[in-house]
Amino acid sequence: QVQLVESGGGLVQAGGSLRLSCAASGNIFSLNTMRWYRRAPGKERDLVASISSDGSTYYADSVKGRFTISRDNDKNTMYLQMNSLKPEDTAIYYCNADVQLENYWGQGTQVTVSS
């Protein structure tokens, strides 16, 4: 019914930047709140940032001031601009979205930050 596909992950040195994208496709009539989660090795999955349909945002304390979440409603796409990356940011990043009262997950994209 609905698919979320992340892209933009990769390997970057500490202090560098990456921009992740999450494209939603399928039977979409109302794309509501969208979120970025991440799972570091050996840890639970944590919420990184979220953005509502009207643009209201939330950030985890660990990324506030470094990451920026945004969305393009015409393209049904969400972005995560990640600056000043740290090795602690290394994780699989997952897209999550509320679509017509249902919740969906993407497959994840790997972000690796080297020292």
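A residue is called buried when its relative accessible area is under 20%, exposed when that area is over 50%, and partly exposed in between, as found with a 1.4 Å probe on protein chains only. The structure examined here is a predicted model, in which local features need pLDDT of at least 70 and side-chain atom pairs count only at pLDDT 80 or more, while totals for chains, interfaces and linings use all residues. Residues are numbered from 1 along each chain as its sequence is written, and side-chain values use heavy atoms, with hydrogens and water left out.

Searching the whole structure gives 1 disulfide. The partners are C22 and C95, whose sulfur atoms lie 1.9 Å apart. Strands, taken as DSSP runs of E with at least two residues, and helices, runs of H or I with at least four, are numbered from the N terminus. Because C22 belongs to strand β3 (residues 18-26) and C95 to strand β9 (residues 91-99), this pair ties together parts that are 73 residues apart in sequence. The link of C22 and C95 is left-handed, with -70° about the S-S bond, and both cysteines are buried.

Charged side chains come next. Side chains of opposite charge can pair when their charged atoms come close. R35 is buried, its relative accessible area being 17%.

D89 takes part in a further pairing with R38, where the closest N and O atoms are 3.0 Å apart. R38 lies in strand β4 and D89 in the loop between β8 (77-82) and β9, so parts 51 residues apart in sequence are tied together. D89 also forms a salt bridge with R66, with 2.8 Å between the closest N and O atoms. As R66 lies in the loop between β6 (57-59) and β7 (67-72), this pair ties the loop of D89 to a part 23 residues apart in sequence. Together, R38, R66 and D89 are linked in a network of salt bridges. Each member is buried: the relative accessible area is 14% for R38, 11% for R66 and 2% for D89.

Terms used
Disulfide = S-S within 2.5 Å. Salt bridge = Lys/Arg side-chain N within 4 Å of Asp/Glu carboxyl O.
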